[in-house]
Amino acid sequence: MKILIISHEYPPIGGGGANACFFLTREFAGRGHLVTVITAQYADLAPHETTGEGARIVRVPCRRADKEKSSFPEMLSYLCSAWKYADALLKKESFDICLTFFGIPSGPLALHLKRKYRLPYVVRFGGGDIPGAQKRFRYLYAVLAPAVRAVWKNAGRLIANSEGLKKRALAFESRYAVDIIENGVDNSFFVPGQCEKRTDRLTVLFVSRLIEGKGLQYLIPELPKMQERVQRETGRALQLVIVGDGPYRAALEELTARTGAQALVRFEGRKDKEQIRRYYQTADLFVLPSLSEGMPNVVLEAMASGLAIVMTPCEGSRELVTDNGIIASLDGFSEALLRVCVDEEERIRMGHNSLRRVEAHFRWESIGERYLSVLGDSVEKSSGE
């Protein structure tokens, strides 16, 4: 197949959606498909690039100023540039299928290409592109809702990466079927460490951007009480290691000081991929007390690193955590975390189960195959119309 991918985020910019776009591009091209990605220009990144697998990456001009996140005006500037480039491209080349990340901002362009060039498309949700998902876009959602529904209506397929995200989509618009294809993880890069864990300290790891919705404000005040029991039952000092940065960091640091948890929390700031791998490898377990997710890549990375998981029942938890950790609501989160902290045998068993779950369900090779099946079905459906 000749596949066009439209995504305003592609590494090194963006988050989980960009990561999925990168690995799916690699899987498609590695199987011999011809792949072109139209994404956003940022800083001094090359406007044109060819990956090792032969995929063509095109970065169009836009106003993006931040590596990790994009404002709506910045998304709109990307959409305008991508629209112009895609129009010129499809006058010269033909494609079999378009995969768009996400309904906002790329969906309207995919709909335009279908109407003008009869190019079928598939929408992969990200979470924030579903009206009602993000408070910062609450006024825009009311304006965008009709356009979003038009994009969904004309899509060959709609894909969510978790049952929770599917439910969120259907709560907004229930007339169109939504498939579930989970995220994958690079389990050749994220692997368990070979060094022995520290015997004097029990390291609880959190990795993510520091925003209010990640829920650390509910965990940090509980740490002093938890430390007393961990010390008493294991002889080890408890430490929460926070890797990441963001607008909520100052508030979390103030909360840490106010609740007397300074000795129990380390704010490590933003780290690169290689450094983050090392944090996973030296941790004892992983936590994510988040209020909302799509399907958190950080949990997959922790699982591939052989860690037990304690997370809230947000989107993705049902697919990720079974016998490899505990899903606990915020009011019972600290107790669940304590259980895993003090029971070393259980914690090790959960970590082994994390590795088995990744191998069985979350390798990008198998995720890529499932996407190709959906894309192929959409091409066949379009040719029969």
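**Close-up views of aromatic residues**

**View 1. Tyr-280 and Phe-286 are both buried.** Here buried stands for under 20% relative accessible area, exposed for over 50% and partly exposed for the range in between (1.4 Å probe, protein chains only). The model is predicted, so local features need pLDDT of at least 70 and side-chain atom pairs pLDDT 80 or more, while totals for chains, interfaces and linings use all residues. Numbering starts from 1 along each chain as its sequence is written, and side-chain values use heavy atoms, without hydrogens and water.

**View 2. Phe-189 and Phe-190 belong to the aromatic pairs, of which the whole structure has 9.** Their ring centres lie 4.9 Å apart with the planes at 85 degrees, so this pair is edge-to-face. Rings of Phe, Tyr and Trp (its six-membered ring) pair if their centres lie within 6.5 Å; planes under 30 degrees apart are stacked, over 60 edge-to-face and the rest tilted. Phe-189 counts as buried at 17% relative accessibility, and Phe-190 is buried at 5%.

**View 3. Tyr-280 and Phe-286 form a tilted pair.** The centres of the two rings are 6.0 Å apart and the planes stand at 45 degrees, which makes the pair tilted.

**View 4. Ring pairs join four residues into a cluster.** The members are Tyr-10, Phe-22, Phe-23 and Trp-364.

**View 5. Arg-277 sits over the face of Phe-189.** Its distance from the ring centre is 4.1 Å. A charge sits over a ring if NZ of Lys or CZ of Arg is within 6 Å of the ring centre and within 35 degrees of the ring normal.

**View 6. Lys-2 lies over the face of Phe-95.** Here the distance to the ring centre is 5.0 Å.
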